[in-house]
Amino acid sequence: MEVSEISLSDIKRILMGEAPFSFLLEVVIRTLIIYFVLLVAIRLMGKRMTGQQTLTEMAVMIGLGAIISIPAQTYDRGILQGALLLVLVLGFQRGTTLLYIKNHRYEKMLQGNETLLVKNGVIQVSRLNAAKITREQLFAVLRNKGVTQLGQVKRLYQEASGLFSVYTQQAPKPGLSILPGTDKDILQSQSHPDEALWACCSCGNTEAIPPPGSDPRVCKYCGRQEWELVVL
């Protein structure tokens, strides 16, 4: 189409492009066919495709979206090409899964490993930063698991799939409160069991130190100097 042929008053071109209006019905038919083919393909890929996806599964889902768009909307393209691409993607996904089963090394190479974010009530700050997760996002995950302070946490992992696994202490120790500072009522429900035990506001490391202001101490884990009383 030449630039001179472009006009804001050309409603048909704006709405339909160069396709005839009769193509609207064909779009509906194409979409229905591709939709059911896509459902069958996802069903054959397994239950993981409808849950939390791994990296390769996410790549497949994005690829499926790109595959179905052209045959569904382009009037000069048939739908068989799209169906063939869906079959090829299905074969690729099944082949990759089989490769993972036979050799876990390839799975770790492509999917990555779990990341330890909290160890014995202390945030692993460098790993948290590498995972591009903020402290507030981490605290939200813990609060969702019923955790109110870091001393309750033995281990927190971010799995390769992006999910979080939390393992709590059988006998919780005092730690840094992770409750929202704006909720004064719930904060008042937490007790301070030891007036000499303080928690680093950055990583949750606990130490017996003088009150802040009299003898500032650098945290041995994260290098910060902000402290607050532990809670239980």
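**Cores, an aromatic pair and a pocket**

In this predicted model, the largest nonpolar core has 25 residues, and the members that touch the most others are Ile-123, Leu-138, Leu-142, Leu-150 and Leu-156. Several elements each supply at least two residues of this core: strands E1 (115-119), E2 (122-123), E3 (153-158), E5 (197-200) and E7 (227-229), together with helix H7. Strand E5 gives the most, with 4 residues.

Leu-150 shows what such contacts look like. Leaving aside neighbours within four places in sequence, Leu-150 is in contact with Gly-121, Ile-123, Phe-139, Leu-142, Leu-176, Ile-178, Cys-203 and Gly-204.

Next come the aromatic rings. The structure holds 1 aromatic pair. Its members are Tyr-157 and Tyr-167, arranged edge-to-face, with 6.1 Å from centre to centre and 75° between the planes. Tyr-157 belongs to strand E3 and Tyr-167 to strand E4 (residues 164-168), so the pair ties together parts that are 10 residues apart in sequence. Tyr-157 is partly exposed, at 24% relative accessible area, and Tyr-167 is also partly exposed, at 47%.

The last stop is empty space. Rolling a probe the size of a water molecule over the atoms shows where such space is left. The second largest pocket holds about 170 Å³. Among the residues lining this pocket are Phe-139, Leu-176 and Ile-178, which are also in contact with Leu-150. Helix H7 (residues 135-144) gives the most to the lining, with 4 residues. By class, the lining has 7 nonpolar, 4 charged and 1 polar residues.

Notes:
Residues are numbered from 1 along each chain as its sequence is written. This is a predicted model: local features need pLDDT of at least 70, side-chain atom pairs count only at pLDDT 80 or more; totals for chains, interfaces and linings use all residues. Side-chain values use heavy atoms; hydrogens and water are left out. On a 1 Å grid over the protein atoms alone, a cavity is a set of points where a 1.4 Å probe fits but cannot get out, and a pocket is an open set with protein on both sides within 12 Å along at least five of seven lines; lining residues have an atom within 4 Å of a point. Grid points are joined across faces, edges and corners, and a volume is the space filled by probe spheres set on the points. Ala, Val, Leu, Ile, Met, Phe, Trp, Tyr, Cys and Pro count as nonpolar, Asp, Glu, Lys and Arg as charged, and the others, Gly among them, as polar. A nonpolar core is a set of buried Ala, Val, Leu, Ile, Met, Phe, Trp, Tyr and Cys residues joined through side-chain atoms within 4.5 Å. Buried means under 20% relative accessible area, exposed over 50%, partly exposed in between (1.4 Å probe, protein chains only). Contact means heavy atoms within 4.5 Å. Rings of Phe, Tyr and Trp (its six-membered ring) pair if their centres lie within 6.5 Å; planes under 30 degrees apart count as stacked, over 60 as edge-to-face and the rest as tilted.
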